[in-house]
Amino acid sequence: MTTTSAGPATARTSTGSAPATARTTTGSVAITARTTTAAPATDQWPAVRPHLSSFDPDAFVRPVDRFIWEPVPVPHTGPAPDRPLAGRRLLLVGESAGLVSAVAAELGGRGALVVRSDPGTPLRADGWDGIVDLNVMGETYELGDTGWQSALTRTTEAIRAAYRRWADEPRFGRHVYLALTRLGGLSGHGDGEVPQPLGGIWAGLAKCLPRELPAAGIVVVDLDRADAGAIADAVEREYVRPDQFEVGYRDGVRHVLAGRPAPACPPGGTPPGPGDTVLITGGARGVGFAAARAFAESFGCRVVVTGRGERPEASEVNALDDEEFTVWRRRRMSGARTPQDLAAARGDIRRAEENRTVHRNLAQAAADGLRIDYLRCDCTDAEQVERAFAALGDGPQFVVHNAGIDDPARFDRKSAESVVRTVDVKVTGFANLVAAILARPERRARLRLLSNVGSLAGRMGGMVGQIDYAAGNEALARLGFWARDNHGLPVQTLCWPTWERLGVIANYSAAVRYVSTLDPGEGARRWVAELASGHTDEAVFLGRIGAVLAPGQLRGFGMLTGHPDLPRLHALDHHLGEVEEYEIFRSLRTTRTWDADRHPCLSEVRVDGAPAVPVGVVVEHAVAAGDWVVPEGWPLLHLRELRGLRVRLEGLRFTGGSLTLHREARGAHRDGEWCVDVTVRDPAGAVIASVILVYGPEPAGHPPVRTERSSLGQATGAGRLSWAGVVFREARPEPGDEGLLALDPVLPADLWTVPFPPEPTLAPAAIETIVRETDRRWDRMSAGVLTIGRLVLSPGAQRVDELRAGAVPGQWTGVRAGVGVLLAEDVGLTD
């Protein structure tokens with residue numbers, strides 16, 4: 001992915017790395033990963049289009065920004081096809097048989113072939129094109145409802161039945177999962193009550209599905225009424241071309257959830273004091289205990305943390321230091337002789353690790369003089385929750401619902417029971433806490449804030465294996481709206497990213513590929529501020545967005561504003577176009593139409609007198625495909641070279657004021673390198689351009705710069721191409737050295753009239769100058785295809801100050817601040 005945002009990713013150059021000689025050919029310039037020609041300033045130049053996160057891969061912690069999400073009116077765009085559901089096989093899932101029946105009749109009347117799955121109709125064999133999930137939207141939520149469990153079981157079984165077929169389908173949007181909710185038409189936001197907050201389960205589930213089914217279309221549609229006709233209308237509008245993930249309809253007006261910065265907590269709350277108690281579910285370890293310490297230290301209040309077991313006492317194992325515990329763990333594992341013994345040993349070790357951590361946390365807090373106590377309480381057990389509240393007299397002034405479990409595995413490997421169990425901790429735990437608060441008036445009067453601990457996984461989708469975790473956390477946020485708007489309780493929800501080395505995230509090394517981590521110190525400070533504020537809204541803390549991103553997710557969260565990674569995300573979207581096929585780790589096929597005169601760069605070039613797209617634009621479009629076709633595991637790779645570039649000049653001309661490009665990219669390992677073959681065709685299938693993108697674990701080294709004077713050779717004529725000179729001004733030869741051309745800089749805003757013009761991969765002025773000088777020196781009649789045997793892109797190649805003609809024809813070196821950053825070899829024109 002491009003790294004247009006500033007940050008330490010720009011410093012990941014070859015400095016200090018072992019030499020890695022690039023492939024060379026006869027007459028080529030040898031380039032190594034280590035260079036002695038670079039000035040110290042080159043360490044600050046960004047690597048060229050690396051498959052990197054936008055943060056330093058050696059230090060994943062990054063500051064977070066505070067965001068809120070809110071609904072904004074956004075009309076549906078694009079033409080409305082006639083009978084868009086005709087012939088589509090839809091599985092209609094829902095807990096209310098009556099609503100399912102009515103909606104099935106409506107969709108059938110619009111041409112859909114509907115298969116039902118409800119309490120009276122068991123799930124049939126797979127074969128449907130899409131799933132329309134009504135879940136529990138036909139029911140109004142009452143505190144403690146458990147009907148969601150059977151509804152979620154039905155959804156899980158349906159997705160698992162289709163999972164393998166959908167995962168193997170490369171056609172983008174061929175299969176669609178559309179979840180309908182009844183949160184008031186604005187996804188729980190805005191004025192008015194929230195009829196069915198448990199729709200949040202299915203919203204969270206849907207937003208995480210693209211992690212595992214990246215070619216599937218995903219959309220969540222929230223309605224203000226459970227009317228069969230309104231439901232069918234929404235399905236007809238949103239199913240065929242799902243774009244944004246979260247859409248709502250209130251009073252017939254379409255809304256989309258948009259995120260915007262909200263740096264400061266709203267003022268007005270009364271923070272905890274020395275006489276107050278904060279109850280934290282699941283707060284004896286990890287993130288919860290970090291919060292407990294922060295509250296006790298900052299406010300001087302009493303904090304009560306809970307766990308499912310009795311308070312761990314001093315024991316031989318709990319007294320072991322880290323090295324001794326490692327020896328104990330190894331000894332316990334070595335005693336296992338059978339699979340049953342092994343499972344038992346792992347269970348013993350897990351419990352010992354948990355108990356040891358809790359014991360050490362509480363002992364250290366006591367030694368530090370902090371008022372942190374422990375109560376046994378499983379929040380999914382209503383009786384235990386009631387006993388915990390009773391133990392605190394009239395109840396706590398502050399409650400933090402932090403308990404949660406994360407059992408990562410792909411969704412097709414999870415049982416419905418395990419999915420329900422993961423969601424249950426958040427949903428039933430919250431319901432039991434609210435029930436205990438409402439059970440006695442004095443508890444309700446005493447409560448100043450109920451703070452839900454949500455997750456970025458619920459708001460924006462988690463990582464592979466977290467679909468159920470995301471579902472539970474998103475439901476928690478919507479339950480918070482429900483308790484606030486329907487019962488007047490002071491409830492806030494805080495959606496956190498992964499805390500650095502804390503929390504329930506089981507696969508840290510994978511998590512950091514998705515989003516940067518949060519420094520526990522910053523997290524604690526922010527949590528203290530949120531609790532003190534006492535606001536009753538949802539706040540989202542978002543760091544830097546990582547490399548693990550599917551095309552559907554890029555569009556699904558396109559309404560995010562004010563984030564530092566927006567230039568990078570918009571750059572990805574700029575060249576993406578309409579996705580037709582996508583196989584993660586393998587291939588991408590898209591269509592992109594460029595309109596003449598839409599942007600300055602599209603008004604600049606002519607081929608044989610006809611307006612055309614510049615060569616550099618087509619090259620950038622080809623290179624951008626490599627952002628999506630990466631090796632499995634998302635290793636840290638850098639674009640080092642372009643090989644075998646061919647551009648058919650005639651194919652660049654606009655037809656009827658536009659040029660449609662069909663792009664196909666396929667990736668594979670070859671000779672220890674990751675290579676992406678990109679082909680760009682016109683609508684008739686004729687090849688316009690082709691190139692091989694070559695990636696390596698280190699950036700390319702800097703090519704040497706010749707100091708001898710050179711000649712460009714004799715021009716043969718005007719050539720087939722011409723430039724207006726507004727964007728790409730003609731290069732100026734240095735006095736007495738015609739082979740050294742000074743380039744005027746071309747900025748992204750000179751090329752594109754968009755809010756976030758994409759940064760180039762290689763200097764636009766350099767590419768157009770190479771094309772111009774080559775075109776001048778070739779026979780016009782045979783100048784049909786531009787060829788470049790090899791383009792080496794070193795850090796800093798995004799801008800070139802000078803071009804130096806090489807010692808052999810068809811060779812160029814791009815220079816920046818006296819350092820070689822670009823090497824072009826075997827440049828020519830052919831039939």
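Helix H5 passes helix H14 in a right-handed crossing. This is a description of a predicted model. Two packed helices are described by the angle between their axes and the distance between the axes. Here H5 covers residues 286-299 and H14 covers residues 520-533; their axes come within 9 Å and cross at roughly 65°.

The side of H5 that takes part in this contact can be followed residue by residue: Val287, Ala290, Ala291, Ala294, Phe295, Ser298 and Phe299. On H14 the partners are Ala524, Trp527, Val528, Leu531 and Ala532. Sorted by class, the contact of H5 with H14 has 11 nonpolar residues and 1 polar residue, with no charged ones.

Aromatic rings come next. A pair of aromatic rings is described by the distance of the centres and the angle of the planes. Across the whole structure, 11 aromatic pairs are found. One of them joins Trp496 and Phe541, which are stacked, with 4.4 Å from centre to centre and 10° between the planes. Trp496 belongs to strand S14 (residues 491-496) and Phe541 to strand S15 (residues 538-542), so this pair ties together parts that are 45 residues apart in sequence.

The remaining features are empty spaces. Rolling a probe the size of a water molecule over the atoms shows where empty space is left. The model contains 8 cavities of 30 Å³ or more. In the largest cavity there is about 180 Å³ of space. Its lining consists of 18 residues, and Gly616, Glu620, Leu751, Trp752 and Pro760 are the closest to the centre. Which helices each supply at least two residues of this lining? They are H17 (615-624) and H19 (764-776). H17 provides the largest share of the lining of the largest cavity, 4 residues. By class, the lining of the largest cavity is made up of 12 nonpolar, 2 polar and 4 charged residues.

The second largest cavity holds about 120 Å³ of space. It is lined by 17 residues, with Leu549, Ala550, Tyr582, Ile584 and Trp634 the closest to its centre. In the lining of the second largest cavity, 14 residues are nonpolar, 1 is polar and 2 are charged.

A pocket, unlike a cavity, is an open set of points. The second largest pocket has a volume of about 710 Å³. Among the 30 residues that line this pocket, those nearest its centre are Glu212, Arg410, Ile584, Phe585 and Glu632.

Helix H2 (147-167) and strand S16 (578-583) each supply at least two residues of the lining of the second largest pocket. H2 gives the most, with 4 residues. How does the lining of the second largest pocket divide by class, and how many of its residues are charged? There are 16 nonpolar, 3 polar and 11 charged residues in it.

How values were computed. Residues are numbered from 1 along each chain as its sequence is written. This is a predicted model: local features need pLDDT of at least 70, side-chain atom pairs count only at pLDDT 80 or more; totals for chains, interfaces and linings use all residues. Side-chain values use heavy atoms; hydrogens and water are left out. On a 1 Å grid over the protein atoms alone, a cavity is a set of points where a 1.4 Å probe fits but cannot get out, and a pocket is an open set with protein on both sides within 12 Å along at least five of seven lines; lining residues have an atom within 4 Å of a point. Grid points are joined across faces, edges and corners, and a volume is the space filled by probe spheres set on the points. Ala, Val, Leu, Ile, Met, Phe, Trp, Tyr, Cys and Pro count as nonpolar, Asp, Glu, Lys and Arg as charged, and the others, Gly among them, as polar. Axes are lines fitted to C-alpha atoms, for helices over the stretch in contact, and angles run from 0 to 180 degrees between N-to-C directions. A crossing is left-handed if the near helix is turned anticlockwise from the far one by less than a right angle, and right-handed if clockwise. Contact means heavy atoms within 4.5 Å. Rings of Phe, Tyr and Trp (its six-membered ring) pair if their centres lie within 6.5 Å; planes under 30 degrees apart count as stacked, over 60 as edge-to-face and the rest as tilted.
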